[in-house]
Amino acid sequence: HWAEFSAGGATLALHLSDTAGLGSAFPILMSFTRRMIEMQVVCIQPPEEVFGARIAQYLDPDGLGISVGEERR
């Protein structure tokens, strides 16, 4: 129920969820969040600590949830 792909510093994780969505990991989540807000992307969960990682969620243009995370180093 989990698949992970890593390339060039980003990780794409696909997993079962109660909601439809997509997830990625970025090493600089706060900068990414500021950029998304500047581009008027809807943020449905600001960055917060969840299970040892910082996670934020946004809506894509089709209204699907996208989770973006930064692992603790």
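Q: What does the secondary structure of the protein chain come to?
A: The chain comes to 1 helix and 6 strands, and from the N terminus on these elements run β-β-β-α-β-β-β. Helices (H or I, at least four residues) and strands (E, at least two) are DSSP runs, numbered from the N terminus. This is a predicted model, in which local features need pLDDT of at least 70 and side-chain atom pairs count only at pLDDT 80 or more, while totals for chains, interfaces and linings use all residues. Residues are numbered from 1 along each chain as its sequence is written, and side-chain values use heavy atoms, with hydrogens and water left out.

Q: Why is the pair of Phe32 and Tyr58 called edge-to-face?
A: A search of the whole structure finds 1 aromatic pair. The ring centres of Phe32 and Tyr58 are 5.8 Å apart and their planes stand at 75°, so the pair is edge-to-face. By definition, rings of Phe, Tyr and Trp (its six-membered ring) pair if their centres lie within 6.5 Å, and planes under 30 degrees apart count as stacked, over 60 as edge-to-face and the rest as tilted.

Q: What makes this a pair that ties together parts apart in sequence?
A: Phe32 lies in helix α1 (residues 29-38) and Tyr58 in strand β5 (residues 53-59), so the pair ties together parts that are 26 residues apart in sequence.

Q: How do you know whether Tyr58 is buried or exposed?
A: Tyr58 has a relative accessible area of 2%, and is therefore buried, since buried means under 20% relative accessible area, exposed over 50%, and partly exposed in between (1.4 Å probe, protein chains only). Thr33, which is placed in helix α1, is buried as well, with a relative accessible area of 6%.

Q: What makes the approach of the Thr33 side chain to the side chain of Tyr58 a polar contact?
A: The two side chains make this contact at 2.6 Å. A polar contact is a pair of N or O atoms within 3.5 Å; within protein, one must be able to donate a hydrogen and the other to accept it, and residues adjacent in sequence count only if both atoms are side-chain atoms.

Q: Why is Gln45 called buried?
A: Gln45, found in strand β4 (residues 43-50), has a relative accessible area of 17%, and so it is buried. The side chain of Gln45 reaches the backbone oxygen of Ile55 at 3.2 Å. Leaving aside neighbours within four places in sequence, Gln45 is in contact (heavy atoms within 4.5 Å) with Val50, Ile55, Ala56 and Gln57.
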